[in-house]
Amino acid sequence: MKPFPVILSAPSGGGKTTIARELLRRRADVGYSVSCTTRPPRPGEEHGRDYYFLSPEEFAARRARGEFAECAEVHGRHMYGTLRSEVERVLASGRHVLMDIDVQGAVQFAGAFPESVLVFLIPPSAAVLRERLSGRMTEDDEAVSRRLRTSRDELRAVREYQYVIVNDELAHACDAVGAVIDAEAVRRTRQPDLARRIEALVEELEQILSVPITSE
C-alpha cells in the first residue's frame, strides 16, 4: 500500500487540529506534517511540535526558494505554509501524512500532491462554531467576528473536497475520518502491485482449470 496525504480543512474553530491529534494518538499508520506560520505561538504551543513559528522574512525566503507545497495568508494577518520536505519525510516512513490546512491552501497542496485525500469538517451549527471560537479566550470580539466572516466564505469551498464530515462529537468525527483513510488505503489505484497479483491469480486458476475435475 502506498501512503498518501490526508488534508483536514474546516472553518476556524471547526476542530481540525483536535481531530488530527486524536488520530495521531490512535493510529500508527499516520504521521503529522508540521506546518509553518508567521503568527506568534498560543499558550501551550511549541515550535516544531504544533508549528514552525517563522518570522515574516524567513517565511518569504523559504517561499522564494520554492520550499512550500502550499502557502497562504489567513484572516488577512499571518502566513501559513506546508513544507514539501515535511510531507516527503512522513511519506518516506511508510505512513499517511495527516495535515490540517485552511481552505486556501488545500487545493494548492493537492496540485503538488495529486494523490491527496481532502476532508472538510463542518460544525453542527453556526452557534456552536461561534461558541468554540469565543471559548478560546485568546482573541477579542473583533477577531472572532473576522474569523466568522472567513468561515462563511470557506464553507463555499466544500465542493473542492472529496469527503465532508460533521464534527458534532469528537469520537464520532475521528471514527469517520479514520474510515475514510481505511477506505482510501484499499482503493485499486493505490495498490501498485495489484495488477501483478491479479495476473498471478488468473494464471493459477488457469492451471487448476486445465486439469479435469473428477469426483471419486
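Here is a short chat about the aromatic rings in this predicted model.

Colleague: How many aromatic pairs turn up in a search of the whole structure?
Modeller: Ring centres have to lie within 6.5 Å to pair. With the whole structure searched, the count of aromatic pairs is five.

Colleague: Take F59 and F68: is that pair stacked or edge-to-face?
Modeller: Their centres sit 4.5 Å apart, with 20 degrees between the planes. Planes under 30 degrees apart count as stacked. So the F59 and F68 pair is stacked.

Colleague: What about F120 and Y161, stacked or edge-to-face?
Modeller: Here the centres are 5.0 Å apart and the planes make 75 degrees. Anything over 60 degrees counts as edge-to-face. So F120 and Y161 are edge-to-face.

Colleague: How many residues apart are F120 and Y161?
Modeller: The pair links distant parts of the chain. F120 is in strand 8 (residues 117–122), while Y161 is in the loop between helix 6 (141–154) and strand 9 (163–166). F120 is buried at 0% relative accessible area, and Y161 is buried at 8%. As for the separation, it's 41 residues.

Colleague: Which residues do ring pairs link into a cluster?
Modeller: Pairing is about ring centres within 6.5 Å. Linked up that way, the cluster is Y51, F53 and Y80.

Colleague: Which residue has its charged end over the ring of F4?
Modeller: For an Arg, CZ must be within 6 Å of the ring centre. The charged end here is 4.1 Å from the centre of the F4 ring, and it belongs to R190.

Technical notes: Residues are numbered from 1 along each chain as its sequence is written. This is a predicted model: local features need pLDDT of at least 70, side-chain atom pairs count only at pLDDT 80 or more; totals for chains, interfaces and linings use all residues. Side-chain values use heavy atoms; hydrogens and water are left out. Rings of Phe, Tyr and Trp (its six-membered ring) pair if their centres lie within 6.5 Å; planes under 30 degrees apart count as stacked, over 60 as edge-to-face and the rest as tilted. Helices (H or I, at least four residues) and strands (E, at least two) are DSSP runs, numbered from the N terminus. Buried means under 20% relative accessible area, exposed over 50%, partly exposed in between (1.4 Å probe, protein chains only). A charge sits over a ring if NZ of Lys or CZ of Arg is within 6 Å of the ring centre and within 35 degrees of the ring normal.
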